[in-house]
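Hello,

Here is the structure we talked about. Please open it first, then read my notes below.

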Amino acid sequence: MNGHSSPADDHTVPVSPAGTGVGRVWWCAQRSPVVQRRGRLGTESVAHPARMLPDLAAHAIAAYSRPGDLVLDPMCGIGTTLVEAVHARRRAIGVELEARWARVSTDNLALAESTPPDTATGTAEGSGAAGSGGRVLRGDARDVDHLLRRECPGAVGDVALVLTSPPYGAGVHGQVTGTTTGVSKHDHHYAPTRHSGNLAHTPGRLAENMTRILAGSARVLRPDGRIVVVARPWRRHGVLVDLPGQVTACAAAAGLVLVDRAVAVLARLDDPTDHRHPEHDGAAGARLVVRASFFARHNLLRARAAGDPVHLIAHEDVYVFAHPREAGLR
Ligand SMILES: C[S@@+](CC[C@H](N)C(=O)[O-])C[C@H]1O[C@@H](n2cnc3c(N)ncnc32)[C@H](O)[C@@H]1O
């Protein structure tokens with residue numbers, strides 16, 4: 001399955017004796033991505049090539065933290081994690097390497113913090129005043145613990161939840177604009193220039209870099225805290241890249257233990273008895289409507305035309321890690 005090996009491949013992932021929640025399914029795309037983001041994220045956010053679904057972030061925050069807790073995203077992009085944390089009355093810190101996304105996430109965080117309590121929807125426990133006092137630090141997540149020690153020392157050891165997602169292949173990213181001669185692609189890069197610290201620009205060192213980020217995150221985590229990593233399997237030149245598998249190996253190398261896992265479905269499950277969808281006669285059963293990017297669909301059609309019987313990737317893997325002592329292993 002994994003077409004690429006990495007130094008972290010040598011590590012066996014320790015699993016909590018209590019086992020993991022294998023088989024959990026998070027339905028994060030029942031509402032369309034546009035609806036999920038409407039009113040919560042500024043217009044420039046749409047230019048980011050790989051944003052997390054707000055309902056996915058909200059679900060992880062509700063499951064693994066409590067109101068008042070501190071949530072950290074060391075690769076925060078446009079700040080989806082921070083925004084959802086604030087709407088759920090958590091405190092939030094983000095780290096982002098690229099100046100543009102650090103600025104956009106700062107704006108998004110400010111928007112969330114200024115949202116009046118009655119429109120801060122969030123989860124049931126989050127409905128109430130939005131959280132405040134969030135911060136976005138522009139910096140390299142590979143030094144996340146040093147960064148926090150320097151910029152927000154009170155956060156060290158106080159982080160209840162780290163929620164993040166590593167960058168992945170540009171082949172499925174981007175917006176599309178129709179022209180008279182076809183379609184043109186834009187907004188498919190994380191940055192205008194390549195930065196050796198950006199994980200998206202150094203795929204050959206992804207395991208090493210991701211291990212550093214997870215190890216640094218573990219050093220600022222509360223003893224009972226959780227690190228949730230959302231990773232999407234994707235294809236490079238038609239070959240499946242097992243990014244989720246790499247993440248679990250990196251976590252093991254960083255001294256973390258897998259305590260839970262889930263599949264976040266990137267598809268809507270239509271209720272066949274819902275008569276607002278007249279194409280469903282009830283007899284056909286439920287129907288999955290995959291929410292895939294234009295380029296994911298385009299690549300699929302090209303691969304199938306070439307005789308490669310591939311399917312759309314319609315999920316992200318969610319891994320939950322903890323300190324070994326908390327997981328009962330030490
Ligand atoms: C998959 S995106 C995260 C998107 C985010 N979850 C959201 O919804 O906006 C990964 C982000 O990590 C950032 N990044 C890559 N390498 C980094 C590093 N070394 N330190 C901090 N941020 C980094 C990229 O610029 C990108 O914005």
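Leaving aside its neighbours within four places in sequence, which residues is Val159 in contact with? They are Leu70, Leu72, Val220, Leu221, Arg222 and Gly225. Two residues are in contact if their C-beta atoms, placed from the backbone, lie within 7 Å.

Before going on, two notes on the model. Residues are numbered from 1 along each chain as its sequence is written. This is a predicted model, where local features need pLDDT of at least 70, side-chain atom pairs count only at pLDDT 80 or more, and totals for chains, interfaces and linings use all residues.

**Val159 and the whole protein**

Val159 lies in strand 5 (residues 159-164). Val159 is buried, with 26 other C-beta atoms within 10 Å. A residue is buried if 20 or more other C-beta atoms lie within 10 Å of its own, exposed if 12 or fewer, and partly exposed in between. Val159 and Ala218 are 59 residues apart in sequence, yet 9.2 Å apart in space, C-alpha to C-alpha.

The protein has eight helices and 14 strands. These are DSSP runs, numbered from the N terminus: helices are H or I with at least four residues, strands are E with at least two. Of the 330 residues, 43% are buried.

**Helix 7**

Helix 7 covers residues 243-253. Ten of its eleven residues are buried, so helix 7 is largely enclosed by the rest of the structure. Among the buried ones are Leu243, Pro244 and Cys250. Their cover includes helix 6 (206-220) and strand 8 (221-231). Gly255 follows helix 7 and has a positive phi, near 85 degrees.

**Helices 2 and 3**

The axes of helix 2 (residues 54-64) and helix 3 come within 9 Å and cross at roughly 55 degrees. Axes are lines fitted to C-alpha atoms, for helices over the stretch in contact, and angles run from 0 to 180 degrees between N-to-C directions. That makes helix 2 oblique to helix 3. Angles under 35 degrees count as roughly parallel, over 145 as roughly antiparallel, 65 to 115 as roughly perpendicular and the rest as oblique. Helix 2 brings Pro54, Ala57, Ala58 and Ile61 to the contact; helix 3 brings Thr80, Thr81, Glu84 and Ala85.

**The ligand**

There are 25 residues around the ligand, and Met52, Met75, Gly77, Thr80 and Ala141 come nearest. Helix 3 (80-87) and strand 3 (91-96) are the elements that give two or more residues to this shell.

Best wishes

Terms used
A residue is near a molecule or strand if its C-beta atom, placed from the backbone, lies within 6 Å of it.
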